Amino acid sequence: MHGIELTPEHPVAEIVEYAERAESEGFDAIFAASHYFNRDPFVTLDRIAAATDEIAVGPAAANPYDTHPVTLASRMATLQEVSDGRGIFGVGPGDKSTLSSLGVEQERPLRRVLESFKIAQDLWAGERVSIDGTFETSDAGLEYDVEGEIPVYVGAQGPHMLRMSAKHADGVLVNASHPDDFTWASDRIAEGLEERPDDRGEFDVAAYASVSVAEDADAAREIARQPVAFIAAGAAPPVLERHGLDAAAAEEIGDAIERGDFGAAFEAVTPAMIDALSVAGTPDDVAERIEDILEHADSFVAGTPLGPDLEKSISLVAAAIDRATRE
């Protein structure tokens, strides 16, 4: 899979134009970022599906906290219908600092994600479901048929979520941008694959990296501050330690995000954070990093911000992926 993330921070009509360009550039999957402060990802994906022909479409990664998991399953099934079977379900625990803004506690995230997509799969298969776990539902079911298989990709970074995804899901969106993180993640995924039932099929390891590319490396790195701030704020301590990043600085960034002071959060991002938590630079820089990452992954998804000129960056990212995967 050569995927791309489009964030509906822009008007939906613009995102649709970017999606059409992405399909023409050879991407085969489009993910829409799922944050309450952006436009609705499922509305956006519906419009993208109507304007494209073959590219897979899905949220990345929808979280089962701000939306009840049964409702989320139905929304995903609806996207599967309107896209003529091109749906792909990206699901994860969500961003802790963002959920805090909604007064939502991110309790037992691994269990919540697992229960959510297992229930979704049962609902899509036409079953009625009941559960009293991290959420509750009683005799819930969909009053319509869901055609085709919807692959489930778990957004993961920590060791337990990585292992769980390898055991239970169709794929994983590894939220990382540095080869060292993928070397470490590969071992955790291998542990999960050892317990994966044979009838569950193949498992796709997709690198879900924050990418920023431009002919001007400084411009690419500057715009990367924005996603890197969110990544740093939510990074687990071992990730920060692996790259020698200041945990106190990351906590300060998270505090700024929680109080809505995004300017301060972006300004506090350090060059070392950009190096470790994003793929940012010239097309040659980005292609080289992607090639290194794909030593440990099957697929690559280019996440936000993509670059300072989004339309041009889509083409530059496509060319970088092509160069990195060329035999």
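Helices and strands are here DSSP runs, numbered from the N terminus, a helix taking at least four residues (H or I) and a strand at least two (E). The model described is a predicted one.

**Backbone features**

Asp84 sits in the loop between α3 and β4 (89–91). Although Asp84 is not a glycine, its phi is positive, at about 60 degrees.

Two cis peptide bonds can be described. One joins Ala60 and Ala61, with omega about -25 degrees. Ala61 belongs to the loop between β3 (56–60) and α3 (69–82). Another cis peptide bond links Thr304 to Pro305, and there omega is about 15 degrees. Pro305 is part of strand β11, which covers residues 299–306.

**Helix packing**

| Helix pair | Axis separation | Angle |
|---|---|---|
| α1 (residues 12–24) and α2 (residues 41–51) | within 9 Å | roughly 45 degrees |
| α2 and α3 | 9 Å | about 10 degrees |
| α5 (residues 109–124) and α6 (residues 159–168) | within 10 Å | roughly 20 degrees |

For α1 and α2, the axes cross at roughly 45 degrees. The crossing of α1 past α2 is right-handed. On the α1 side the contact is made by Val12, Ile15, Val16, Ala19 and Glu20, which meet Thr44, Arg47, Ile48 and Ala51 of α2. Sorted by class, this contact of α1 with α2 has six nonpolar, one polar and two charged residues.

Helix α2 also packs against α3, at an angle of about 10 degrees and with the axes 9 Å apart. That angle makes α2 roughly parallel to α3. Phe42, Leu45, Asp46 and Ala49 are the α2 residues here, and they meet Leu72, Arg75, Met76, Leu79 and Val82 in α3. The contact of α2 with α3 has seven nonpolar and two charged residues, and no polar ones.

The axes of α5 and α6 come within 10 Å and cross at roughly 20 degrees. These two helices are therefore roughly parallel to each other, and their crossing is right-handed. From α5, the residues Pro109, Leu110, Val113, Leu114, Phe117 and Lys118 meet His160, Met161, Met164 and His168 of α6. By class, seven residues in the contact of α5 with α6 are nonpolar, two are polar and one is charged.

The structure contains one cavity of 30 Å³ or more. The largest cavity holds about 100 Å³ of space. Its lining is made up of 13 residues, and those nearest the centre are Gln157, Asn175, Ala176, Asp181 and Val239. The elements giving two or more residues to this lining are β8 (171–175), α7 (179–193) and α9 (237–242). Helix α7 supplies the largest share, three residues. By class, the lining of the largest cavity has eight nonpolar, three polar and two charged residues.

Note on methods. Residues are numbered from 1 along each chain as its sequence is written. This is a predicted model: local features need pLDDT of at least 70, side-chain atom pairs count only at pLDDT 80 or more; totals for chains, interfaces and linings use all residues. Side-chain values use heavy atoms; hydrogens and water are left out. On a 1 Å grid over the protein atoms alone, a cavity is a set of points where a 1.4 Å probe fits but cannot get out, and a pocket is an open set with protein on both sides within 12 Å along at least five of seven lines; lining residues have an atom within 4 Å of a point. Grid points are joined across faces, edges and corners, and a volume is the space filled by probe spheres set on the points. Ala, Val, Leu, Ile, Met, Phe, Trp, Tyr, Cys and Pro count as nonpolar, Asp, Glu, Lys and Arg as charged, and the others, Gly among them, as polar. Axes are lines fitted to C-alpha atoms, for helices over the stretch in contact, and angles run from 0 to 180 degrees between N-to-C directions. Angles under 35 degrees count as roughly parallel, over 145 as roughly antiparallel, 65 to 115 as roughly perpendicular and the rest as oblique. A crossing is left-handed if the near helix is turned anticlockwise from the far one by less than a right angle, and right-handed if clockwise. Contact means heavy atoms within 4.5 Å.
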